[in-house]
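Open the model in your viewer and keep the selection panel at hand. The stops below each give something to select and say what is there.

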Amino acid sequence: MKDFLPALAKRLNRNTTAHDNYRRIYVPEGHPLQSGPKESLRVNVLFQHIQKMLSGSTAVIAETGDSWFNCQKLKLPEGCGYEFQMQYGSIGWSVGATLGYAQAAPEKRVIACIGDGSFQVTAQDVSTMIRCGQKTVIFLINNGGYTIEVEIHDGPYNVIKNWNYTGLVDAIHNGDGKCWTTKVRCEEELIEAIETATGEMKDSLCFIEVIVHKDDTSKELLEWGSRVSAANSRPPNPQ
């Protein structure tokens, strides 16, 4: 064994991907978040801008997954509504929840944060949102798969077929009702999209597809996923 481990170490290729991604994504607390010109958008930057959108006349809905962990960090102003669901793990619930909340509280503008995998489960509810004339802002976070499942147990089953999400919503809209869609890939485009959604298109349903790196995830999800993975791998208890 004494000779085996050094010999094995020489044959292994060092994998620095996870460490590099963590250094790229992680921002120490107390340090300002700054993006370079046209730099790929980071999720933590996205939620910094969502924080600025919140007021007593808004409500936040966070889908199960990394959106939940990021929305937990938001400082909700007095009167700002919220609906967060995590522990039951019902992916896709937030699209229907967004529809119901916006219909029940028309005085508030709902801001929904939904992952691409979850959206694919219940995307058709957008049709009813448009029919009802809702003015929700949906941030569709497109990172190419079930990120929360990747952090628990990775495998090819966590990769999903990428959709043209804005094209899908445009097809559902079909020119009937008020609906506006856009794709953003950097902070500059995000700022412009939010200005349009809260200005010219404030009375429309606004669907903003946010394209981010597949490994861009919060440190809270990384920690939670490792713990769930450890719990899932325990041997069965005969009792």
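Helices here are DSSP runs of H or I of at least four residues, strands are runs of E of at least two, and both are numbered from the N terminus. The model is predicted, so local features need pLDDT of at least 70 and side-chain atom pairs count only at pLDDT 80 or more, while totals for chains, interfaces and linings use all residues. Residues are numbered from 1 along each chain as its sequence is written, and side-chain values use heavy atoms, with hydrogens and water left out.

**Stop 1: the buried side of α9**

Which residues of α9 are buried? They are Tyr-165, Thr-166, Val-169 and His-173. They lie on the same side of α9, because they cover an arc of only 100° around the axis; the arc is that of the directions from the helix axis to the C-beta atoms. Buried means under 20% relative accessible area, exposed means over 50%, and partly exposed is in between, with a 1.4 Å probe and protein chains only.

Axes are lines fitted to C-alpha atoms, for helices over the stretch in contact, and angles run from 0 to 180 degrees between N-to-C directions. Contact means heavy atoms within 4.5 Å. Just after α9, select Asn-174, which takes a positive phi of about 55°.

**Stop 2**

Rings of Phe, Tyr and Trp (its six-membered ring) pair if their centres lie within 6.5 Å; planes under 30 degrees apart count as stacked, over 60 as edge-to-face and the rest as tilted. By this rule there are four aromatic pairs.

One of them is Phe-119 with Tyr-165: the ring centres are 6.0 Å apart and the planes are at 65°, so the pair is edge-to-face. Phe-119 sits in helix α6 and Tyr-165 in helix α9, 46 residues apart, so that distant parts of the chain are linked. Phe-119 has a relative accessible area of 1% and is buried. Tyr-165 counts as buried at 0% relative accessibility.

Turn next to Phe-119 and Phe-207. Their ring centres are 5.5 Å apart with planes at 50°, so this pair is tilted. It too links distant parts of the chain, from helix α6 to strand β6, over 88 residues. Phe-207 is buried, at 0% relative accessibility.

Stay in α6 and select Gln-120. What does Gln-120 contact, leaving aside its neighbours within four places in sequence? Its contacts are Ile-160, Lys-161, Trp-163 and Tyr-165. The C-alpha atoms of Gln-120 and Tyr-165 are separated by 9.3 Å, although the two residues are 45 apart along the chain.

**Stop 3: the sheet**

Hide the side chains and show the strands. Six of them form an open sheet in the order β2-β1-β3-β4-β6-β5, with parallel pairing. Two strands pair if DSSP finds at least two bridges between them. At the edges are β2 (81–84) and β5 (179–184), each of which pairs on one side only. On average, neighbouring strands are turned by 15° against each other, direction ignored.

Select β4 (residues 137–142), which six bridges join to β6 (residues 205–211). In β6, Phe-207 is the bridge partner of Ile-138, and Ile-211 is that of Asn-142. On the β3 side, β3 and β4 pair over five bridges, with Ile-141 in β4 as the partner of Gly-115.

Is β4 buried or exposed? Six of its six residues are buried, so β4 is largely enclosed by the rest of the structure. Val-137, Phe-139 and Ile-141 are on one side, and Ile-138, Leu-140 and Asn-142 on the other.

**Stop 4**

Move to β5, where five of the six residues are buried. Six bridges pair β5 with β6 in the parallel sense, and Phe-207 in β6 is the bridge partner of Thr-181.

Finally, select helix α3 (residues 43–53), which lies across β1 (58–62), β3 (109–115), β4 and β6 and runs at about 175° to β4.
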